[in-house]
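Please read them with the coordinates open.

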Amino acid sequence: MYDLFIANKNYSSWSLRPWVLMKELGIEFDEKFMPFGVSNESFLNFSPSGKVPCLVDDGLTVWDTLAIIEYLAEHHEGVWASDVKARAWSRSAAAEMHSGFQSLRNEHPMSVGLRVRPSAISEPLKKDISRIDELWQQGLASFGGPFLAGASFTAVDAFYCPVAFRFQTYNPPLSPEAEAYKNRLLSLPAMQEWQNAALLETWRDAGHEDETRAVGEWTADLRAK
Ligand SMILES: N[C@@H](CCC(=O)N[C@@H](CS)C(=O)NCC(=O)O)C(=O)O
């Protein structure tokens with residue numbers, strides 16, 4: 001059985017990626033939940049990078065989202081699309097997410113339970129949002145949907161699941177295709193499970209809270225008090 005170390009479901013966008021993939025693919029794991037600033041155990045006690053997510057398989061530690069997903073792909077069917085073109089496109093789009101979209105990360109931090117009206121949207125952020133919209137439209141049109149690489153939910157969709165939560169929180173205008181895909185991701189059983197757990201969390205991490213306060217007016221905070 002795998003152990004998957006993750007942090008707060010409200011904030012931890014990186015934790016969501018392998019978690020939602022494993023849930024949607026039916027890959028069993030024990031969730032090791034390490035909330036920011038609450039657990040006395042340093043992330044360094046289980047993760048060589050001091051970051052989550054981190055996967056442990058029978059004493060073997062695999063850290064960093066991309067490495068975890070490739071490790072799972074070596075052991076399970078369906079992590080990436082079976083079609084070679086869809087798989088190459090998926091790995092490119094996942095790599096672009098893994099190493100890019102810095103403005104989206106910085107200016108629209110994930111906070112699942114919040115709804116925020118941004119006071120401004122910078123040009124680099126507009127560019128990130130428009131590139132994601134373009135990528136989503138391209139995947140859906142090229143491989144037939146309803147997921148980015150075709151009929152099944154695969155790793156490339158998991159890479160963009162945190163974006164769906166960010167778009168739910170900050171509600172930027174999207175193309176009709178991207179809006180529908182966002183809603184498709186948000187209604188997946190695993191995404192609903194993650195969101196419900198995030199809303200029940202009562203931990204508040206000052207750094208993350210300050211980041212979202214800086215974005216604009218909070219129009220709703222759906223989290224448990
Ligand atoms: N490139 C890493 C990024 C992981 C990451 O930044 N995780 C955050 C949580 S979402 C973390 O562990 N932060 C704790 C820290 O930096 O001390 C990955 O893909 O796994």
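1. Burial is used throughout in this sense: buried means under 20% relative accessible area, exposed over 50%, and partly exposed in between, with a 1.4 Å probe and protein chains only. The model is predicted, so local features need pLDDT of at least 70 and side-chain atom pairs count only at pLDDT 80 or more, while totals for chains, interfaces and linings use all residues. Residues are numbered from 1 along each chain as its sequence is written, and side-chain values use heavy atoms, with hydrogens and water left out.

2. Serine 103 is in helix α4; helices (H or I, at least four residues) and strands (E, at least two) are DSSP runs, numbered from the N terminus. At 15% relative accessibility, serine 103 counts as buried. Contact here means heavy atoms within 4.5 Å. Not counting residues up to four places away in sequence, serine 103 touches His108, Pro124, Leu125 and Asp128.

3. Phenylalanine 101 lies in the loop between α3 (84-99) and α4. Its phi is near 55°, a positive value in a residue other than glycine. Phenylalanine 101 is buried, with a relative accessible area of 6%.

4. Aspartate 64 also deserves a look: its phi is near 80°, a positive value in a residue other than glycine. Aspartate 64 is found in the loop between β4 (60-63) and α2 (65-75). With a relative accessibility of 38%, aspartate 64 counts as partly exposed.

5. Which peptide bonds are cis? One joins valine 52 and proline 53, with omega at about 5°. Proline 53 lies in the loop between β2 (29-33) and β3 (54-57). The bond from glycine 145 to proline 146 is cis, with omega near 5°. Proline 146 sits in the loop between α5 (123-143) and α6.

6. In helix α9 (residues 206-215), Glu209, Thr212 and Val215 are buried. They cover an arc of only 115° around the axis, which puts them on the same side of α9; the arc is that of the directions from the helix axis to the C-beta atoms. On the other side of α9, Ala206, Asp210, Arg213 and Ala214 are exposed. The buried residues of α9 pack against α4 (102-107), β5 (114-118), α6 (155-170) and β6 (216-221).

7. Tyrosine 170 is in helix α6 and counts as buried at 3% relative accessibility. Leaving aside neighbours within four places in sequence, tyrosine 170 is in contact with His108, Pro109, Val116, Pro118, Thr212 and Val215. Thr212 and Val215 are among the buried residues of α9.

8. Helix α7 (residues 176-186) has Ala178, Tyr181, Lys182, Leu185 and Leu186 buried. Seen down the axis of α7, these buried residues fall within an arc of 140°, so they line one face of the helix. What covers them includes α5, α6 and α8 (189-200).

9. Leucine 186 counts as buried at 9% relative accessibility. Leucine 186 and phenylalanine 165 are 21 residues apart in sequence and 7.3 Å apart in space, C-alpha to C-alpha.

10. The largest pocket has a volume of about 570 Å³. On a 1 Å grid over the protein atoms alone, a pocket is an open set of points with protein on both sides within 12 Å along at least five of seven lines, and lining residues have an atom within 4 Å of a point. Grid points are joined across faces, edges and corners, and a volume is the space filled by probe spheres set on the points. The largest pocket is lined by 21 residues, of which Ser12, Ser13, Trp14, Phe36 and Val52 lie nearest its centre. Helices α1 (13-25), α4 and α9 each supply at least two residues of this lining.

11. Cysteine 54 is buried, with a relative accessible area of 0%, and cysteine 161 counts as buried at 0% relative accessibility. Taking a disulfide as a pair of cysteine sulfur atoms within 2.5 Å, the count comes to zero disulfides.

Terms used:
1 Å grid on protein atoms, 1.4 Å probe; cavity = no way out; pocket = protein on both sides within 12 Å on 5 of 7 lines; lining within 4 Å.
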